[in-house]
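Me: I would like a close look at one part of this model, the metal site, together with the parts of the fold around it. Please keep it plain.

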Amino acid sequence: MIKVFGHLNPDTDTTCSAIAFAWYLTNAKQLSATPYVLGDLNKETAYVLEKFGHIAPATLSEVTADDSVVLVDTNNPEELLPSFAEAKLLEIVDHHKLVGGISTPEPVTITMRTVACTTTIIWQLAKEANLTLPNDIAGLMLAAIISDTLKFTSPTTTDVDKAAAQALAEISGVNVDELADGMFAAKSDLTGMAPADLLTMDSKVFTLGGKQIRVSSLETTKPANALAMQTELVTAMADMKASSGLDAVFFFVVDIIASSATLIVASDFEREVAEKSFEKTVTNGLMELPGVVSRKKQIIPALEKALS
Ligand code: MG
Ligand code: MG
Ligand code: MG
């Protein structure tokens, strides 16, 4: 049995891609494949699974040399279980920059395309294989595209993502606006979440210019709720750096409606890097970034340039 999973701190694309690609492997390749996640689901993803009547994939906390695995929505070893290198990697399906660091003893199938969402690639693969997607799988794949593109407003969005979303909406019989409203409301609900939870909910670790940095974002329709926690978030970022050995933690509150971000600055180091990256100044510990919504296409390239 093949284990299909995405990155740590699973998001909607990673979770729905694992489900959809396990379905694809089963139906296009007649393989036995099961989806997994590497951690707790966020509220948006839980909403989406409930909406399409899908059970949550089981959580995987370790892999061994006996496991055959397929990776979706990441190619970054820093986003995987420490035991990942033990497993037999068969395939990667992803839409992120190639970071390197994964090596295999045998050839593997890699499908990486410059689209906004992994399920867009899976939609293309299913089409190429002349497969008919079931309604619920199509709904999950549509939700992933809405999530990764912030309903087609992110600069990562391509015509292929839009075509995939339209086709998936038709198959699943779902109204895109209604689905997006429900997802964004679920995502924006911060009740019961500690500042430290917000820092890791949608978060990736990169090594840029020799510095290990965590880049977290909180996509929300209610940025004021998160910004009201600025002091607690700054304390949580300092604690995280002290306990994890990270050089920096960047926390971006992304306003989905206004298409803008506010960076909450953790310390002088992050302030210096941010000012160099975005050519803006920090006021009261915050940097306003109109038009910035994408970690992949806007934030990481800017930080990488400043740190290299
Ligand atoms: Mg993802
Ligand atoms: Mg993705
Ligand atoms: Mg995302």
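Reply: The model is predicted. Strand E1 (residues 2-5) pairs with strand E2 (residues 33-37) in the parallel sense, through 3 bridges. Within that pairing, Ile 2 has Ala 33 of E2 as its bridge partner. Helix H1 (residues 12-28) lies across E1, E2, strand E4 (68-72) and strand E5 (88-94), and its direction makes about 175 degrees with E2. Helix H3 (residues 118-128) also packs on the sheet, where it touches E4, E5 and E6, at about 100 degrees to the direction of E5.

The open sheet has 6 strands in the order E3-E2-E1-E4-E5-E6, with parallel pairing. Strand E3 (58-59) and strand E6 (109-112) are at the edges; each has a single partner strand, so one side of each is left without a neighbour in the sheet.

Now the metal site. The magnesium ion (ligand 1) is coordinated by His 7 through NE2 and by Asp 11 and Asp 73 through OD, at 2.1 to 2.3 Å. Along the chain these donors follow the spacing H-x3-D-x61-D. A magnesium ion (ligand 2) lies 3.5 Å from the magnesium ion (ligand 1), and Asp 73 coordinates both. Asp 11 belongs to the loop between E1 and H1 and Asp 73 to the loop between E4 and E5; the pair, 62 residues apart, links distant parts of the chain. Asp 11 and Asp 73 are both buried.

Asp 11 also takes part in the lining of a cavity. The structure holds 1 cavity of 30 Å³ or more, and the space in the largest cavity is about 560 Å³. Its lining comprises 37 residues, and Asp 11, Asp 202, Lys 204, Glu 219 and Arg 295 lie nearest the centre. Two or more lining residues come from each of helix H2 (43-51), helix H4 (135-149), strand E7 (203-208), strand E8 (211-220) and helix H11 (295-307).

Val 115 sits in the loop between E6 and H3. With a relative accessible area of 7%, Val 115 counts as buried, because the cut-off is under 20%. Leaving aside residues up to four places away in sequence, Val 115 touches His 95, Thr 120, Ile 121, Thr 156, Thr 158, Val 160, Asp 161 and Lys 296. The C-alpha atoms of Val 115 and Thr 149 are 9.8 Å apart, with the two residues 34 residues apart along the chain.

How values were computed: Residues numbered from 1 in each chain as written. Chains lettered and ligands numbered in written order. Predicted model: local features only at pLDDT ≥ 70, side-chain atom pairs only at ≥ 80, totals over all residues. Heavy atoms only, no water. Pairing = 2+ DSSP bridges. Helix = DSSP H or I, 4+ residues; strand = E, 2+ residues; numbered from the N terminus. Contact = heavy atoms within 4.5 Å. Axes fitted to C-alpha atoms, helices over the stretch in contact; angles between N-to-C directions. Donors = N, O, S within 2.8 Å, 3.2 Å for Na, K, Ca; no water. Buried < 20%, exposed > 50% of the residue type's maximum accessible area, 1.4 Å probe, protein only. 1 Å grid on protein atoms, 1.4 Å probe; cavity = no way out; pocket = protein on both sides within 12 Å on 5 of 7 lines; lining within 4 Å. Points joined across faces, edges and corners; volume = space filled by probe spheres on them.
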